[in-house]
2 protein chains.
Amino acid sequence: MILSKGFWQTYKEVPADATIASHQLMMRAGLIHKSAAGLYNYLPMGYRSIRKVEQIVREEMDKAGCYEMLMSVVTPGELWQETGRWEKMGGEMLKFKDKADRDLCISPTNEEAITDVFRKTIKSYKDLPLSLYQINTKFRDEIRPRFGLMRGREFIMKDAYTFHATKECLDEVYDRMYEAYENVFNRLGLEFSAVVADGGAMADGDAKTHEFQVIADSGEDAIIYSNEANYAANIETAKTIRKVESAAKTGSMAEVSTPGKATIKEVCEFLKKNEFHSLKSLVYKARNDEEEKFILVLLLGDDELNELKLEKVYPGYEVTTATDTELKALGLIKGFIGPVEISNLDIVFDTQVDLNAAYVVGANKLDMHLENFVPKEVIKQIKTADLRLACSGDYTVDGKHQVELKRGIEVGHIFQLGDKYTKGMDATILDQNGKAMAPLMGCYGIGVTRLVAAAIEQNHDENGIIWPAAIAPYNVSFVAIVKSEEYKEKANELYKTLINSGLEVVYDDRKAGPGFKFKDADLLGLPLQVVLGERDHKEDGMLEIRIRRSGEKIKVSQEDLISKVNELLKEL
Amino acid sequence: MILSKGFWQTYKEVPADATIASHQLMMRAGLIHKSAAGLYNYLPMGYRSIRKVEQIVREEMDKAGCYEMLMSVVTPGELWQETGRWEKMGGEMLKFKDKADRDLCISPTNEEAITDVFRKTIKSYKDLPLSLYQINTKFRDEIRPRFGLMRGREFIMKDAYTFHATKECLDEVYDRMYEAYENVFNRLGLEFSAVVADGGAMADGDAKTHEFQVIADSGEDAIIYSNEANYAANIETAKTIRKVESAAKTGSMAEVSTPGKATIKEVCEFLKKNEFHSLKSLVYKARNDEEEKFILVLLLGDDELNELKLEKVYPGYEVTTATDTELKALGLIKGFIGPVEISNLDIVFDTQVDLNAAYVVGANKLDMHLENFVPKEVIKQIKTADLRLACSGDYTVDGKHQVELKRGIEVGHIFQLGDKYTKGMDATILDQNGKAMAPLMGCYGIGVTRLVAAAIEQNHDENGIIWPAAIAPYNVSFVAIVKSEEYKEKANELYKTLINSGLEVVYDDRKAGPGFKFKDADLLGLPLQVVLGERDHKEDGMLEIRIRRSGEKIKVSQEDLISKVNELLKEL
């Protein structure tokens, strides 16, 4: 693109609603244009990156044996009514009626649509496995769209769906897709983690699911990981252990006065104990259609509860914190709750609690705690479970590797769906014995436009974007700092040389000073800047290559330019 | 694609709603899947063709100096309200409200959206011309969607928009786009016509507009064309002449009794005259806010009126046929109307009428006509205009070339919009003198999915589709008629050889007879079929290439296979 003739401009102002780096930079660097809340037009400079991401995704999906198709953006309500999601999907699904008064929506996802295609074409186990994907526009009517492309309403997504006659086959294809995802993110040049995710209510017990997270400080998700152990998990599902010395008993269990000390911190400071030598007592209510019961959760004093883990201990129950009123009704005094002489609550110890060690616990009396509480000595039938929230500094469950916490942006999610949709939509096939069966499904998403934003969150500095070479809109900013006609001509020729060698080049031939041009080039953040400076060139006959990421400047002769640029691009 | 493992199947049944060949064949050949009325999923086999069309369009747009972008599918109502089209677009625009009660619609077209992008980026004439395009999903809520992809509700369209400071610049870019369109349709391998179209109410007088029509017998549009004269026009706008000998006067103008002869045909048979020696009298009403007047149109007896041409003679008026009641009120007798002694009507002669020749006309008396009516002798102030509908057998206006009539499917439309949108949306820029001006726009559409359907309408026979090579889903159907393990292995190897040479191949390795396989291959209609027949090969060691279009069969050795296939593909 020759800038004097092309269509690109940068902006100095940061729009008021742009609070994160990628949103600000995409607006300032002229990559996107806001049309309305959560609706963006992808301008030529931004759309090139989006298309490069699409192409890498497409190639890896094809390699993994998937066939590309395209489903309609508008889907009929009938399909969603079959699975009950017409009601369940909630407000994010934009529903409306057409002129003929038929229910329609703009697809937020396509499980129903693909299952409809499947049931009208596939009749036998012999035609399985089947893997289909599309790269298409989706719409979710977020009440509060924000963060630019990170949480827009309309977005581009790659969604793949696979169908299987057996769990073994599903697992095999799932693993192949997992690899394809790794290939995608590696090719994109992004630092990422594939984390074990929580299947949520939809998943049955052995359903696998992973989230692919692009690592970035601004990420909304917390990831517990250890490179050495090749372990990564969403903090909600992470299983780790901590290494702390248990306290030995120093005497009999006895009450101790702790006037006004209602928090772990206050009590332990007052009693001069480590916090992890006390137990935190939390009361929850578990409720289903039949009953309601209360749970006393015991954790090491400085640990936090992972509520998702507690929910899994009570499957089928809705689990919520007990209210103050409920605590009173149970005869419990907030700040002084403990496990001794409790009969009307389930008691669950976190596995991290040493059942033979001595702890400080609440005495269930105002301003009183108990010292030397040893679980095994006091509680008859002890129930334990992994309940604590993992954190940085923990160890992997084998105790060999310390884990760290990073923040990530979810850009991909792969998921074993089971037979929920094939059963719900009567998409049965004949198995080997000629009997009808509902095939198992997997689904595999990548947020294409979100990924571009995430790449920028991970790769930028105070001057602008720093594109990974694979998805930069162009390879090179060619900055001409020339005044004489002779050098303008030289610049034009050099541009031709660059593009004729197959490079994608933004040629800044605008009438503007070097400061202005370099500022724009840094903001746009192409991997390399090639500089023809008239004054310097007259002195030494050399060109300059600037590496955007490192700031390194390399002098190069015109003959060596192309090979040097290509060599550097391979590394970026 | 290896058919035993891939995702493709054909159907014997023609769906009840599929009435045209392309719709039937796309369904039967497994290219598309109907999701609801006018909503189609593009299956892998069909989507490959769509993407090939997209890529050819993209390359030619890029070559013409356009930049690709992508606008949101959902657009805010505000933009449409600015130009007044929120009301005017009518029911085809699918409007709805989002959760925050904002007006939205699914874009049926994007003039407003692109003008919004333009006004927020371009400020000076120096940045013009500007050419932007997108390939995107559009939606028009047709009441009666039909003909499959030909008139679906959701469809893929390429729309380009250009901006200019002067009419000269608009004309120049318009011509470049015209060429780009010719390149596109030539590369697609389609027989097409670029026809002068009618600008409709939107266009000012010198606004150029052309429709690109794919020639097909089933086309909805009639095109008048002469290859030799390089002339093509929509029948509504076509200007042609006919060559007929005028009748000389045989006596004075006199009444003649024509009892019960109320049509041209009846009168001329009765009087033993050529129909073109009579004049057809048609009465129309022209009406605007201020007045209402009646028009008597006179054409050669066997010509038809082109109502669009009449409307242009009365700009600003709504022109409709006079009702029987109105005729009576005017004192006119249906079947016997004529131009003599008429005072309360405008009289307009078609230019084809020889004003010095003698014609039979109605006498404005029941069962009476006039002979030897010579316009110049009777009518004082004669008004003439080109009013007749062109037809096959006419001549170009210079009289040198005879024209033919063909039927076409409109797949592209290029159009000079003028400043309607830039004015309407206050998208002004500064001109050379620093004064604000509203730039001129052009818009340029290609119906991508419709084009695939049109290509099939033009290229099929009773056995199925006959793809032009450039947009066939794959290049070759490889049909293996093998039984022994040895030959199955040979077929597998041959498939590898074919794909390793870069060819796109559908390998029919299914357990099925030759008849079944050839039927499917013909239906799918890839340009070439490569056949490995075990029996034949054992005899002569040769393979067979079948050309789908001609049915020709060519024996070829395995060594020559690839080069022969590539040679043939170039011609198809």
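**Briefing: chain A and its domains**

Among the contacts in chain A that link residues at least 6 apart in sequence, 69% connect residues at least 24 apart. The model described here is predicted. Chain A has 572 residues, and 57% of them are buried. The domain assignment divides chain A into domain 1, domain 2 and domain 3.

**Overall build**

- The secondary structure of chain A comprises 16 helices and 33 strands.
- The C-alpha trace of chain A extends about 95 × 65 × 45 Å along its principal axes.

**Domains**

- Domain 1 is assigned two segments, 21–239 and 406–457.
- Domain 2 covers 254–385, and domain 3 covers 474–571.
- The centres of domain 1 and domain 2 of chain A, taken over C-alpha atoms, lie 40 Å apart.

**Where domain 1 meets domain 2**

- In chain A, 6 residues of domain 1 are in contact with 4 residues of domain 2.
- Between them, domain 1 and domain 2 of chain A bury about 360 Å², of which 44% is on carbon and sulfur atoms.
- Of the area that domain 1 buries against domain 2, 83% is supplied by Asp198(A), Glu236(A) and Ala238(A), more than by any other three residues.
- On the side of domain 1 that touches domain 2, the residues comprise 3 charged, 2 nonpolar and 1 polar.

**Polar links between domain 1 and domain 2**

- There are 3 residue pairs in polar contact between domain 1 and domain 2 of chain A, with both residues at pLDDT 80 or more.
- The count of salt bridges between domain 1 and domain 2 of chain A is 0.

Conventions: Residues numbered from 1 in each chain as written. Chains lettered and ligands numbered in written order. Predicted model: local features only at pLDDT ≥ 70, side-chain atom pairs only at ≥ 80, totals over all residues. Heavy atoms only, no water. Domains from an automatic or database assignment. Contact = heavy atoms within 4.5 Å. Buried area = accessible area lost by both parts, 1.4 Å probe. Salt bridge = Lys/Arg side-chain N within 4 Å of Asp/Glu carboxyl O. Polar contact = N/O pair within 3.5 Å; in protein donor to acceptor, adjacent residues only side chain to side chain. Nonpolar A, V, L, I, M, F, W, Y, C, P; charged D, E, K, R; others polar. Helix = DSSP H or I, 4+ residues; strand = E, 2+ residues; numbered from the N terminus. Buried < 20%, exposed > 50% of the residue type's maximum accessible area, 1.4 Å probe, protein only.
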